[in-house]
Amino acid sequence: MLKIEGLKARIEEKEILKGVNLEVKPGEVHAIMGPNGSGKSTLASVLAGKDTFEVTGGTVTFNGKDMLGMEPEERAHEGIFLAFQYPVEIPGVNTANFLKTALNEKREANGQDPLSAADFLKLMKEKMELVEMDKAFINRALNEGFSGGEKKRNEMLQMAVLEPTLGILDETDSGLDIDALKIVANAVNKMRNANRSFVVITHYQRLLDYIVPDVVHVLQGGKIVKSGGKELALELEEKGYDWLKKSSELTV
Amino acid sequence: MELKEKFVNAFQKFEGTLNGDIQSPAHAVRKKAIQEFQGLGIPTTKHENWKYTNVNQLTQSDFSVLGSGQNIASIEKVIPELKANRLVFINGVLSEKNSVIIDQNITIKNLKEALKEDNVLIKKHFAQYANYQKEAFTALNTAYTLEGAFIHIPKGVQVENPILIHYKVVSDSNTVVHPRNLIVAEENAQATILELFNSENSQSTFINTVSEIVVDKHANIDTYKIQLDNQNIFNIGSIYVHQEGKSTYSNTVVTLDGKLVRNNLNVFLNGEYCETYMNGLYTPSRAKQLFDNHTFVDHAKPNCYSNEYYKGVIDGKGTGVFNGKILVRQDAQKTNAFQSNKNIVLSDDASINTKPELEIYADDVKCSHGATTGQIDHDALFYLRSRGMTEKGAKRMLTRAFANDIIEKVKIAELKTFLEEQLDEKLAV
Ligand SMILES: Nc1ncnc2c1ncn2[C@@H]1O[C@H](COP(=O)(O)OP(=O)(O)OP(=O)(O)O)[C@@H](O)[C@H]1O
Ligand SMILES: [Mg+2]
């Protein structure tokens, strides 16, 4: 489904991704962990098509198509969704109105008819129940004045409505209370199926108790330095990242 | 012949059309005004108040300066769902057929009629606030004053329905009109007055309006100025507001189309505890399209509050100008005056000149002003696109969101919906 090979990216003169390799197969959940500033959000942004980062090398294919040449909206239409670590507040843009426009543009790009207002409302109602979000939120301006946890839940609502084939969750668990964490995990688990994959970026093994990953990777210094099963997350929780740095330096 | 000379020379001919009216006190004012106009001349960019707004295109147009407008019997009603008192001026002349007055306890009529009468309100207020001694276009309007709205809201009357003044020039020749309004709201009166321009002349048109608005003690007047003229229309207008103690005045101007648009809003606060709100939205986008708002609030008395909020969306090759002056006189202690002007510039060829001017002579005041000019927020744009919105659609949504807080100020529901539609249409191109 997603294949990243030797991906390098920089911002201004600073190289951040230094050759990332990652393959995600349909139905898999991959967790990415790693110290602050190691490039996790950069990787997520590059995958979603943010042009402030310059890709200087490598390839990314999604379902066999070259993704790096695509506009962000084309990637969304192909089925990529990024839940942002820091969702932006957009005053004046109504959440429901925006989501309806986005969904219908995606549907149109995929040759589907747009949803009617009534069908959209029905869909929203169902998805809001899934993420246990109060309906007052969707009539507010997008993320404006939302608490940290509410913003994250709004990301999950959008993901549930847009039904991507690859969901990238960038620290969706950060700042969530334990109940909210369970709700988010539950939403992801309900969406899990044989054709839908997830990349979950997190600092905490706790999330992975709820969303059980198939593979855990460690991104450090712009590279994936270690991959393993879900036990790796436990090991990281216990030992931190320093030991990896030493061992990866040794192997170079 | 230069445009100025044309206007000066045609004045006698204009007098000839006034019949017996030339004995009236108002006519003495007209004569004084044409003299003033002759002395002032049409401003150039050397004039401080016209530094960024070049009226060359206007002066170079070949206008026939006297009533060349054709007779048009009927025009399309604007915002038909809005229940309102309507005064419709077609080619500068009041069209009785298209006008309707539904509220009973007020006077709404053609200024022309009021000028003919021995009217105490005319004597007391006409040309008392409009600065025809200093401002050329106001002098020109005053000299050629004839048609316009005369509105009198007696003491304590709350006008139930809005009063809509609709100006339309539909012609295929170069046309000049000088609508002149006088609005007098007595103590505790309340009314909403809406001016709407949507001229469609295929030739150059010069609409030169002046409104004088008197807001007596405790009165509350809301005005709106909606400008949707086509790309041949020069629309220059001045509003002079005179507020007495504890009165409230608010104006919202929305300029979505036109060629060269200049709006002057002058508010004089002559009593304590007045409140003044000034809101504006302007969206120039075409080549040679320039929308200019000049506001001036004169805090002459203590304890008043003024709040100004103007926003510009500048696209294509459009130009925006904002100049907001706040004067706080020495007596005007405890003044609260706020001003904000925000612009987004959507293209490399678009430009905006914004200038706040604060002149404060009192020491116990709260005043603030700020002007910002920026582009569409990159992160917000990426956010929307990452959800599948096209770049164009996302930009439009963000632009619309930016403009939204001005539209939100509109208190007439039908007008708000109308403006939302107009704005969506405008941003869709
Ligand atoms: N716009 C930018 N300008 C300059 N440097 C940037 C920019 N964005 C990211 N960086 C730098 O790139 C590096 C990687 O940042 P990134 O956000 O990808 O880290 P991260 O792994 O997600 O960290 P965290 O765990 O704290 O979220 C950091 O050193 C960061 O300062
Ligand atoms: Mg991050």
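This is a predicted model: local features need pLDDT of at least 70, side-chain atom pairs count only at pLDDT 80 or more; totals for chains, interfaces and linings use all residues.
Helix α1 of chain A is mostly covered, with eight of its nine residues buried. The buried residues are A:K40, A:T42, A:L43, A:A44, A:S45, A:V46, A:L47 and A:A48. After α1(A) comes A:G49, which has a positive phi near 100°.

A:S41 belongs to helix α1, residues 40-48, whereas A:Q85 sits in the loop between β6 (80-83) and β7 (90-94) of chain A, so the pair ties together parts that are 44 residues apart in sequence. A:Q85, with a relative accessible area of 16%, is buried.

Among contacts in chain A between residues at least 6 apart in sequence, 69% join residues at least 24 apart. Chain A exposes about 11,400 Å², of which carbon and sulfur atoms supply 48%. Its charged side chains number 32 positive and 39 negative, and the centres of the two sets lie 3 Å apart.

Chain B can be described in the same terms. It has nine helices and 20 strands. For its 429 residues the globule rule gives 22 Å, and the radius of gyration of chain B, 21 Å, is close to that, so chain B is as compact as a globular protein of that length. The C-alpha trace of chain B spans about 70 × 50 × 45 Å along its principal axes. Buried residues make up 59% of the 429. Among contacts in chain B between residues at least 6 apart in sequence, 83% join residues at least 24 apart. Chain B exposes about 17,000 Å², with 45% supplied by carbon and sulfur atoms. There are 47 positive and 51 negative side chains in chain B, and the centres of the two sets are 2 Å apart.

B:S306 is placed in strand β16, residues 305-314. With a relative accessibility of 1%, B:S306 counts as buried. Which residues does B:S306 touch, leaving aside its neighbours within four places in sequence? The contacts are B:T276, B:M278, B:V297, B:H299, B:N336, B:A337 and B:F338. B:G16, 290 residues away along the chain, has its C-alpha atom 44 Å from that of B:S306.

B:N119 is found in a loop of chain B, between α4 (111-116) and α5 (120-125). This residue counts as buried because its relative accessibility is 11%. Apart from neighbours within four places in sequence, B:N119 is in contact with B:A114 and B:F150.

Definitions and conventions: Residues are numbered from 1 along each chain as its sequence is written. Chains are lettered from A and ligands numbered from 1 in the order in which they are written. Side-chain values use heavy atoms; hydrogens and water are left out. Helices (H or I, at least four residues) and strands (E, at least two) are DSSP runs, numbered from the N terminus. Buried means under 20% relative accessible area, exposed over 50%, partly exposed in between (1.4 Å probe, protein chains only). Contact means heavy atoms within 4.5 Å. Accessible areas come from the Shrake-Rupley method with a 1.4 Å probe; for residues, only the protein chains shown count as cover. Lys and Arg count as positive and Asp and Glu as negative; His and the chain ends are not counted. The place of a charge is taken as NZ of Lys, CZ of Arg, CG of Asp or CD of Glu. The radius of gyration is taken over C-alpha atoms; the globule rule is 2.2 Å times the number of residues to the power 0.38.
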